[in-house]
Amino acid sequence: MSAGCVRWMLSHTVKAVCGGSSSCGYWTPASRFTICSERSNIIASSWRWSPFSTAGDDTEQTAAPKKKKQDPRGHATISAVGRKIPQREIQVISETGENLGTMHRADVIRVMDEQGLKLVLLSEHKDPPVYRLMSGKQIHEEQLKLREKQKAKAAPVQVKELTFSSGIAAHDLSTKMKQVESWLEKKNHVRITLRSGRGGPAVNLDTTLEQIVQQMEVMVGFVSKPKAIRDGQAAMCILRPPSAKELSQKGKNMTAASQSDDSSSNATESKTTIPPVSNSDTTKGSIQQ
């Protein structure tokens with residue numbers, strides 16, 4: 001039934017166009033083109049407003065641009081904001097780290113011009129936002145520190161593994177410990193596993209492993225100290241390069257130990273020294289004899 005209705009509407013519109021154009025008396029190519037264009041327009045309009053067509057808007061709807069997700073690391077940079085401060089009032093930290101309190105942006109710009117400083121955003125989530133006045137040299141130094149921190153976080157730590165038995169020969173053990181030292185120099189972690197030898201007693205392997213580590217020529221730190229595993233059949237520890245704090249503490253301890261050794265040796269020398277005998281005492285003794 002719907003197809004018949006559409007066919008009737010099309011025939012009706014064609015008859016109306018043809019009937020209106022037959023009064024002209026003759027046909028020309030221009031008139032034919034005009035009549036055809038009129039027919040197409042009428043058919044399209046009639047179909048657009050027919051109950052069988054779906055309503056639609058002629059204008060194209062452009063999709064709304066997607067909002068870019070803010071990168072949480074976007075503010076992990078140190079850069080000057082310039083003279084365009086979006087807030088009217090901000091909290092300002094001076095170049096030396098002193099809190100100047102809340103200031104109007106016009107006053108902040110005046111201070112920047114007078115002292116030749118730049119303004120750096122520290123925290124925009126506080127109310128009011130916190131800014132700091134910094135020199136160009138300070139900004140450069142902070143940028144270098146931030147890059148070093150990012151490199152340290154980005155570089156994954158590699159864990160090397162080394163396994164040997166308690167019955168290992170002294171020469172082979174020395175070779176393996178040198179390999180451990182080279183790994184530590186490259187900032188790697190080293191997992192050492194000491195297992196009991198074939199037929200040998202598995203007694204205090206953790207203590208044995210700790211003694212082996214203490215005999216190393218370089219200073220090491222522990223991620224995991226020596227402990228017994230596999231029901232006492234093996235011992236394991238994880239070594240790491242020493243931190244700067246540990247190295248400085250070792251240097252202080254060595255300095256204190258050397259000073260104590262020097263003082264003790266000086267005291268021993270003073271006790272064992274015999275006082276010299278004067279010539280006058282020797283002369284008196286010979287006369288009395």
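This is a predicted model: local features need pLDDT of at least 70, side-chain atom pairs count only at pLDDT 80 or more; totals for chains, interfaces and linings use all residues.

Entry one, the pocket. I looked up the second largest pocket and got a volume of about 150 Å³. Its lining consists of Leu173, Ser174, Met177, Lys178, Glu181, Ile212, Gln215, Met216 and Glu217. By class, I noted four nonpolar, two polar and three charged residues in this lining. Which helix gives the largest share of the lining? I found helix 5 (residues 170–185), with five residues.

I traced four strands in an open sheet, ordered 5-6-8-7, with mixed pairing. Strand 5 (159–165) and strand 7 (221–229) each have a single partner strand, so one side of each lacks a neighbour in the sheet. From one strand to the next, I read an average twist of 15 degrees.

I checked strand 6 (residues 189–195) against strand 8 (residues 234–240): they run antiparallel and are joined by six bridges. Arg195 sits opposite Ala234 of strand 8.

Entry four, the helices on the sheet. Helix 5 packs there and touches strand 5, strand 6 and strand 8. I read about 170 degrees between the directions of helix 5 and strand 5. Helix 6 (residues 205–214) also packs on the sheet, touching strand 5, strand 6, strand 7 and strand 8. For helix 6 and strand 8, the directions make about 30 degrees.

Technical notes. Residues are numbered from 1 along each chain as its sequence is written. Side-chain values use heavy atoms; hydrogens and water are left out. On a 1 Å grid over the protein atoms alone, a cavity is a set of points where a 1.4 Å probe fits but cannot get out, and a pocket is an open set with protein on both sides within 12 Å along at least five of seven lines; lining residues have an atom within 4 Å of a point. Grid points are joined across faces, edges and corners, and a volume is the space filled by probe spheres set on the points. Helices (H or I, at least four residues) and strands (E, at least two) are DSSP runs, numbered from the N terminus. Ala, Val, Leu, Ile, Met, Phe, Trp, Tyr, Cys and Pro count as nonpolar, Asp, Glu, Lys and Arg as charged, and the others, Gly among them, as polar. Two strands pair if DSSP finds at least two bridges between them. Axes are lines fitted to C-alpha atoms, for helices over the stretch in contact, and angles run from 0 to 180 degrees between N-to-C directions. Contact means heavy atoms within 4.5 Å.
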